[in-house]
Amino acid sequence: MKKTDSKAFFVRNASMLRTVLICIAAAAGGVCIIPYSGIMTALPVLPLCACAAALIPGNPLLKGACFAAFSGVFAAAYYQSNLETLLFAAGAAATVLIAEYAVRLIRRSFKRPGGKVLIIPAAAMLAVTVAIQIFLGGSLPQYIKANIAITDYVNNNYRTGSETAGAVRFDRTDRVFKSEIVSAPTAVCRGTVSFRGGLIYDNYVNSVENALTETPRSNLLAVLREAFPTGNFTLTAVSIEGYPDGSVTYGDTTDYSSRVHYTICFNRQTDAAGFAADAVKYRKALEAAGAEYASVTFLGGGLGTVVFRELHSRLDLIGNETVGYCGPLFAALQRDLDMHFAGNILKYR
């Protein structure tokens, strides 16, 4: 193709080429505010792409539509949420439209006598575009601090190879940077390590703790079902006493049966005497079977709202007590309890 032919081609297709360049800028800006882009979300890539698009001649509404479309598609693929899709689409569209008028003000400032004053509102507009990017993707100083802290924590606490850590990413909802921890080689347990206010928060520990209580809970449930095959109750493992007491790993083979705290909720309406009788029967069944546990808290008494509570500790870690309590909707029932049981069986709070 001759030089004149090439020039003619670009002249004839100038509009299409400008649209392509705007789309490229929109795609680059949109992908760089989605969490899977890591550190890119903390860099002002979206504002820079918006400014680049603003320098290209074209309809501002077309630019806004392109940025909204690409950011919306990327957000929908990651979040699978209509709200997040709309939020990212609107943020990207607002960024390019603000950048468009900021660039126009800057151009005018060089064409008019005394126009340098227009640099001030233009700079303010560009600052707004950076603020939008920070809202959607976090800030660079925040990312740097979080990345160092989370990386050090993961290297010190998850070195056995039974867990893998993902890249540090920004969680817009919680406004913190996080890394996902997953059990390996099978991703059964999942959790996150996050950095907030200079502190590390690790909820993967809770995921592993819940997994480690599943076998003891099943064993205790079998004991209770043998004693009360038609019993209307729910058994829940709450926590492991003193956990973690070493490395946290899903592959932990320690028997924690004697250290698990449970709750048994009786799913029927009853009075204080009926609740106490149920608790005694279940407690005796556990003791007769030689069941292992740290404590069992019995709950029950009223139509989905806990009214009575008895704490039974096999290891005497806390001490046994029976408590009656009601929420504000059960004030009348509380008065009846006070009249009949004050100073006798129940204590109140």
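Strands S3 and S4 (residues 190-196) pair in the antiparallel sense over six bridges. Two strands pair if DSSP finds at least two bridges between them. Strands here are DSSP runs (E, at least two residues) and helices are likewise DSSP runs (H or I, at least four), numbered from the N terminus. Within this pair, Glu180 has Thr192 in S4 as its bridge partner. The model is predicted: local features need pLDDT of at least 70, side-chain atom pairs count only at pLDDT 80 or more, and totals for chains, interfaces and linings use all residues. Residues are numbered from 1 along each chain as its sequence is written, and side-chain values use heavy atoms, with hydrogens and water left out.

Strand S3 spans residues 176-183 and is mostly covered. Seven of its eight residues are buried, where buried means under 20% relative accessible area, exposed means over 50%, and partly exposed lies in between (1.4 Å probe, protein chains only). S3 also pairs with strand S2 (residues 169-171). That pairing is antiparallel and runs over three bridges. Phe170 stands opposite Phe177 in S3. S2 and S3 form a hairpin, with four residues between them. In the turn, Arg175 has a positive phi of about 60 degrees.

Strand S1 (residues 163-165) is joined to S3 as well. Three bridges link S1 and S3, which run antiparallel. Thr164 is found in S1, and its bridge partner in S3 is Val182. Thr164 is partly exposed, because its relative accessible area is 40%. Its C-alpha lies 5.7 Å from that of Ile181, a residue 17 places away in sequence. Leaving aside residues up to four places away in sequence, Thr164 touches Glu180, Ile181, Val182 and Ala184. Contact means heavy atoms within 4.5 Å.

Ile200 belongs to strand S5 (residues 199-202). Its relative accessibility is 27%, so Ile200 counts as partly exposed. Ile200 and Ile150 are 50 residues apart in sequence, yet their C-alpha atoms are 7.2 Å apart in space. Ile150 is also among the residues that Ile200 touches.

Helix H2 covers residues 14-31. Its 18 residues should span 26 Å at 1.5 Å a residue, and its end C-alpha atoms are 26 Å apart, which agrees. The expected span is 1.5 Å times one less than the number of residues. Ile22, Ala25, Ala26, Gly29 and Gly30 are buried in H2. Seen down the helix axis, the buried residues fall within an arc of 125 degrees, so they line one face of H2. The arc is that of the directions from the helix axis to the C-beta atoms. Cover for the buried residues of H2 includes helix H3 (45-55) and helix H4 (60-79).

Helix H9 (residues 214-227) has 14 residues. From first C-alpha to last, H9 reaches 20 Å, close to the 20 Å expected at 1.5 Å a residue. Pro216, Leu220 and Leu224 are buried in H9. They cover an arc of only 70 degrees around the axis, which puts them on the same side of H9. Thr215 and Glu226, on the other side of H9, are exposed. What covers the buried residues of H9 includes helix H8 (204-212) and helix H10 (272-288). Strand S6 (233-240) and strand S7 (260-269) are also included in this cover.

A search of the whole structure finds zero disulfides, a disulfide being a pair of cysteine sulfur atoms within 2.5 Å. Cys23 is in no disulfide, and the nearest cysteine sulfur, that of Cys66, is 3.9 Å away. Cys51 is in no disulfide either; the nearest cysteine sulfur to it, that of Cys49, is 9.4 Å away. Cys23 counts as partly exposed, because its relative accessibility is 22%.

Across the protein chain, the secondary structure comes to 11 helices and 10 strands. Of the 349 residues, 41% count as buried. Among contacts in the chain with a separation of 6 or more, 55% are between residues 24 or more positions apart. The protein chain exposes about 18500 Å², and carbon and sulfur atoms supply 61% of it. Accessible areas come from the Shrake-Rupley method with a 1.4 Å probe; for residues, only the protein chains shown count as cover.
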